[in-house]
Amino acid sequence: MSNDSFFNDDWLALQRKYWDNWTAMSQKAMGMTGTASPTTPWESALDHWWKAVSPAAPNVSKSFIDNMLEQGKVFFRLAETLSASSTDTNTNLGVTWWTQALEDMQKRFSGSLDENGNAAQRMMSFWEMPLDNWQRMMSSMSPIPGDMLRNVPHDHLKDHLHRALAAPGLGYTREEQGQYQDLMRCSLDYQAALQEYIGFYNQLNLKSIQRMAQRLQHISTSSDKPIDSARALYDEWVNCCEAVYANEVITPEYAKIHGHLVNAQMAMKKRMGIIVDENLGAMNMPTRSELRTVQDRLQETRRDNKQLRHRLHALEKQVAVLLGENTPALSTAIKTTVPVAKTPVRRKPAQPE
Amino acid sequence: MMMPINIRPDQLAQEMLDYSRKLGQSMENLLNAEAIDEGVSSKQVVYQEDKLKLYRYDTPEGVMPSATPLLIVYALVNRPYMTDIQEDRSTIKGLLATGQDVYLIDWGYPDQADRAITLDDYINGYIDSCVEHLREQLGVEKVNLLGICQGGAFSLMYTALHPEKVNNLVTMVTPVDFKTPDNLLSAWVQHVDIDLAVDTMGNIPGELLNWSFLTLKPYSLMGQKYVNMVDMLDDPAKVKNFLRMEKWIFDSPDQAGEAFRQFIKDFYQHNGFINGGVWLGQYEVDLKHITCPVLNIYALQDHLVPPDASKALNGRTSSNDYTELAFPGGHIGIYVSGKAQKEVTPAIGKWLNARP
């Protein structure tokens, strides 16, 4: 394809230049100031290329490539972050650097360190994956962007909003006001659930970093082989995160947080559905609840029809046997609509009307 | 004390360059990828009902098919072409090679019009219609059933309610005890208000299920997998196979609301095979009604259906011919790994052939 040369020539040349520069600089890095760090052409070049070719990319590959590019960036950010530590050939200083780097990451999760988009900061997107997955899933099911409520201030406004929403509706539109108040209450509850979910992940991320620090400490004081490649470091990172994640999400506390998040989202969506139905009804159009009633009745009718058809078919065969007609495999092909078990099957008692 | 991370700058630069080259090659291979087919073995539709299709797979030349058909009941989650994903990794082909006459139920993609379909409709309706079709067309008394994952749970229910129609039952990575301590999906769903979810959405979107599955191991499944891919996808021959798998993973049909409601409540929340109380229409499911031979296959590294969840079947049926087979792999590997082709499928064929 026409873009082949991009990867074969330009892109790799750019990469080589970048890493050559980076290598050269890293050799002189002792005492290098933060402002002298190299720029990151890799991400921007790749983004530019993908923007150009993605409209023509086959659908089957598109989302897969998206994921590969995104995770490739994360991997590169890790390598970029490494550059600072790798330049330090003094063992004690190296350990100190890593300790400091991990502490900085912990501060970022606790919100006490402001960054200006450096590699370590951008690398944080790695830990955003579970949250990002939730936002994407919600967006795919909703007309409202999944992250709409994520950063809305909650705690400061909560009490005022709840008080305002407790006021009864007035006048001719009081029922409609009440519905919107219900929706707002559900939105607030969802926002609280989302904050709780995000808070859980922030704690989880802190624990992951602590585990990584312990792992590095273990390597430095044991006979374990040092981590000798960016990929090995990335894999260690993933292993630490997965191990901590597995321990945390099996707990009853997480089950409650998870349940609250899903339930709050559903309650909000249900409220929206009620308002939509009200409006459809006002326009004399079929509502969703009416359609569901029809679906239920139709399915009941279809179920009955199928059973009657099967019974009729079985009776036809029995009649054919009685008449001595030629019916292949007849004796084995009679449909039994009632389960036949050696042990009597328990039948549901009749429900009182 | 030694440096825990010892990467020389020149080594790192070289590693990143290698990664860039492989990533570039992978991108090109992915962009040039052809359309992905769903299943590789030739088959015919032999029965249709609503969105359900019953397929019969063509018997290979030189193989005499068994007189008793083997009906594969796949899960409602994901699509059944995983059992026939590529030429050299196909459970279907393996079963055909052992002389099985293979039929497979494809449930299709439910939409909102299918919202009211219940577990009773799936099991006493659709599965029974397929079994009846086979009995009538082939003139046989009984069929062999092979249930996969949730389809295994369906097969257990069907066999418990219609024992006279099942000759042998094979369950693969099938949950029986839904509340083993290592069952993450079960732990997560305990506080979810399923009635609210189904009443709100009607059908349960496939995206919601994908989200659940991906969050079982988020850093591996959403991150590491794609970083590791560059080592494989610079080979054009492997691209198509990986895209097939990726397509399958995200090919998640929506779940018919009423069936989903009952399945999650009866099994994930109330552990119905263990505690009882599962009703399909007018009849209660009791695994003790299963008397036919049972082969129960589970995967030792299964993170979706932990081994103990499957092994709980032992002793819960009335079968006096119960066999277990443990596979050293995961929930998907049991179908698509090279090892599974050599170990699992031939073992199923041998077990069935010994019980005509």
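Trainee: What is the handedness of the crossing where α8(A) passes α10(A)?

Mentor: The crossing is left-handed. Please keep in mind that this is a predicted model.

Trainee: At what angle do those two helices of chain A pack, and how far apart are their axes?

Mentor: Helix α8, residues 174–221 of chain A, and helix α10, residues 252–282 of chain A, pack at an angle of about 155°. Their axes are 8 Å apart.

Trainee: Why are α8(A) and α10(A) described as roughly antiparallel?

Mentor: The angle is about 155°, and angles over 145 degrees count as roughly antiparallel; α8(A) and α10(A) therefore fall under that description.

Trainee: How do the residues of the contact of α8(A) with α10(A) divide?

Mentor: There are 16 nonpolar, 4 polar and 5 charged residues in that contact.

Trainee: Let us stay on α10 for a moment. Is A:Val276 buried or exposed?

Mentor: A:Val276, which is found in helix α10 of chain A, counts as exposed because there are 12 C-beta neighbours inside 10 Å. In sequence, A:Val276 and A:Arg288 are 12 residues apart, and their C-alpha atoms are 8.7 Å apart in space.

Trainee: Changing topic to chain B: how many residues of helix α11 are buried?

Mentor: Helix α11 of chain B, residues 257–269, is mostly covered, with 10 of its 13 residues buried. Among them are B:Phe260, B:Phe263, B:Ile264 and B:Phe267, as well as B:Glu258 and B:Asp266.

Trainee: What covers the buried residues of α11(B)?

Mentor: The covering elements include α3 (119–138), α4 (150–161), α5 (184–189), α6 (194–201) and α12 (272–275), each of chain B.

Trainee: And which residue with a positive phi follows α11(B)?

Mentor: That is B:Asn271, with a phi near 50°.

Trainee: Now the largest nonpolar core. Which residues touch the most other members?

Mentor: B:Leu71, B:Ile72 and B:Met157 do, in a core of 150 residues. Helix α9 of chain A, residues 230–249, gives the most to this core, contributing 10 residues.

Trainee: What is B:Met157 in contact with, leaving aside its neighbours within four places in sequence?

Mentor: B:Met157 is then in contact with B:Ile123, B:Leu280 and B:Val285.

How values were computed. Residues are numbered from 1 along each chain as its sequence is written. Chains are lettered from A and ligands numbered from 1 in the order in which they are written. This is a predicted model: local features need pLDDT of at least 70, side-chain atom pairs count only at pLDDT 80 or more; totals for chains, interfaces and linings use all residues. Axes are lines fitted to C-alpha atoms, for helices over the stretch in contact, and angles run from 0 to 180 degrees between N-to-C directions. Helices (H or I, at least four residues) and strands (E, at least two) are DSSP runs, numbered from the N terminus. Angles under 35 degrees count as roughly parallel, over 145 as roughly antiparallel, 65 to 115 as roughly perpendicular and the rest as oblique. A crossing is left-handed if the near helix is turned anticlockwise from the far one by less than a right angle, and right-handed if clockwise. Ala, Val, Leu, Ile, Met, Phe, Trp, Tyr, Cys and Pro count as nonpolar, Asp, Glu, Lys and Arg as charged, and the others, Gly among them, as polar. A residue is buried if 20 or more other C-beta atoms lie within 10 Å of its own, exposed if 12 or fewer, and partly exposed in between; C-beta atoms are placed from the backbone. Two residues are in contact if their C-beta atoms, placed from the backbone, lie within 7 Å. A nonpolar core is a set of buried Ala, Val, Leu, Ile, Met, Phe, Trp, Tyr and Cys residues joined through C-beta atoms within 7 Å.
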